[in-house]
Amino acid sequence: MKPNRRSFLQAAAGFTLSHTLLKRLVCAQQSKSTRIVLLGTKGGPRVGEAGRSNPSTLLLINDVPYLIDCGYGASKQLISAGIALNRLRYLFITHHHSDHNLEFGPLLYNAWITGLPTHIDAYGPPGLTRMAQDFFNYQKFDIDTRMADEGRPDPRQQLTAHEFDKAGLVLQNADVKVTSCRVRHPPITQAYAYRFDAKDRSVVISGDTAYAPELAEFAKGADVLVHEVMYLPGIEALLSRLPNAKRLRDHLMAAHTLPEDVGKIAAQAQVKTLVLSHFVPGDDASITDEQWSADVRKHFQGRIIVGKDLMEI
Ligand SMILES: [Zn+2]
Ligand SMILES: [Zn+2]
């Protein structure tokens with residue numbers, strides 16, 4: 001009887017302790033959890049009048065920013081999200097369409113001019129290093145002048161560009177493991193999705209892709225999948241006004257994903273939450289959230305979020 005009672009008391013004490021620990025852990029996670037902020041949700045390079053900014057997605061992991069893509073306006077959107085530009089630390093480019101990298105150089109510059117205290121590591125397909133060099137040459141006069149005149153450090157020394165040309169491990173540190181998956185975005189062959197496995201959450205960013213079952217495999221069991229989406233009736237309306245309609249339609253169909261197929265990917269991957277982003281067309285305010293998500297729901301029973309700029313998930 002006695003040993004039993006003691007075991008019970010020990011167990012009870014253990015429970016209290018673990019319960020307290022658990023509570024502390026939950027609190028720690030709440031203050032340090034992985035946050036996702038959609039900075040720009042409009043697919044394509046054209047700058048819209050209002051509503052959606054060009055593609056960019058921010059992850060804050062233990063309060064460290066990880067930026068995925070930087071279409072035009074990414075610097076402004078980061079500031080709107082409350083992230084000082086000199087906090088920029090990790091940058092990932094999914095592919096070299098300009099709606100995903102137009103602000104690559106300017107963002108590096110803006111971080112530097114804000115007083116970049118440490119170092120930026122940028123990751124992406126081949127071309128990244130050249131793009132950084134070309135940008136620094138483009139602004140060589142200003143950079144050299146400010147270094148000499150204002151005593152600023154050399155921004156070229158504050159960037160490390162990491163290029164990769166196949167899927168695999170991209171980055172691993174104490175907080176997160178980042179891996180990539182080659183996706184289908186013809187005619188571009190070097191197009192990638194990224195997966196961030198942090199301690200509290202796993203997040204997959206599709207990049208631009210047509211329906212790609214290998215992406216479902218890559219995203220298996222993730223908490224959140226941020227996937228691009230294209231709404232065909234909206235495209236047809238757009239195309240009806242263009243002289244190169246047929247070629248553009250062929251390109252869009254081969255390179256992007258319709259809502260029904262986004263639903264299939266999310267269902268196959270068994271993700272908890274699907275976030276729609278990179279909307280094509282991204283300028284047509286007449287397309288409702290219901291229209292974006294209706295066909296997705298045919299296949300995916302989980303939570304669907306129709307993304308908006310500066311929305312936090
Ligand atoms: Zn795009
Ligand atoms: Zn693209």
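**Reading cavities, pockets and a zinc site**

Guide: Start inside. The largest cavity has a volume of about 140 Å³. This is a predicted model, so keep that in mind throughout.

Visitor: Which residues lie closest to the centre of the largest cavity?

Guide: They are Pro55, Thr57, Asp69, Ile205 and His278, out of 17 lining residues.

Visitor: What about pockets? How much space lies in the largest pocket?

Guide: A pocket is open, while a cavity is a place the probe cannot get out of. The largest pocket holds about 620 Å³ of space. It is lined by 26 residues, and Gly43, Gly44, Pro45, Leu238 and Val280 are the closest to its centre.

Visitor: Which element gives the most to the lining of the largest pocket?

Guide: α8, with four residues. Elements supplying at least two residues each include α3 (98-101), α9 (245-255) and β12 (273-280). By class, the lining of the largest pocket has nine nonpolar, ten polar and seven charged residues.

Visitor: And the second largest pocket: what is its volume?

Guide: About 220 Å³. Closest to its centre, among 14 lining residues, are Arg52, Gly282, Asp283, Asp284 and Ala285. Its lining divides into five nonpolar, two polar and seven charged residues.

Visitor: Now the metal. Which residues coordinate the zinc ion (ligand 2)?

Guide: Read a metal site by its donor atoms first. Here they come from His95 (NE2), His97 (ND1), His185 (NE2) and Asp208 (OD), at 2.1 to 2.3 Å. In sequence, these donor residues are spaced H-x1-H-x87-H-x22-D. Asp208 also coordinates the zinc ion (ligand 1), which is 3.5 Å from the zinc ion (ligand 2).

Visitor: Why is the arrangement around the zinc ion (ligand 2) irregular?

Guide: Angles decide. Ideal angles at a metal are 109.5 degrees for four tetrahedral donors. To count as tetrahedral, all angles must lie between 85 and 135 degrees. Around the zinc ion (ligand 2) they run from 90 to 163°, so the arrangement is irregular.

Visitor: Is His95 buried or exposed?

Guide: Buried, because its relative accessibility is 0%. His97 stands at 24%, so His97 counts as partly exposed.

Visitor: What is the phi of Asp63?

Guide: About 70°, a positive value, although Asp63 is not a glycine. Asp63 is in the loop between β2 and β3 (64-68). Its relative accessibility is 48%, so Asp63 counts as partly exposed. Gln270 also has a positive phi, near 55°. Find Gln270 in the loop between α10 (259-269) and β12. Gln270 is exposed because its relative accessible area is 55%, and the cut-off for exposed is over 50%.

Technical notes. Residues numbered from 1 in each chain as written. Chains lettered and ligands numbered in written order. Predicted model: local features only at pLDDT ≥ 70, side-chain atom pairs only at ≥ 80, totals over all residues. Heavy atoms only, no water. Donors = N, O, S within 2.8 Å, 3.2 Å for Na, K, Ca; no water. Tetrahedral: all angles 85-135°; square planar, octahedral: opposite > 155°, others 65-115°. Buried < 20%, exposed > 50% of the residue type's maximum accessible area, 1.4 Å probe, protein only. 1 Å grid on protein atoms, 1.4 Å probe; cavity = no way out; pocket = protein on both sides within 12 Å on 5 of 7 lines; lining within 4 Å. Points joined across faces, edges and corners; volume = space filled by probe spheres on them. Nonpolar A, V, L, I, M, F, W, Y, C, P; charged D, E, K, R; others polar.
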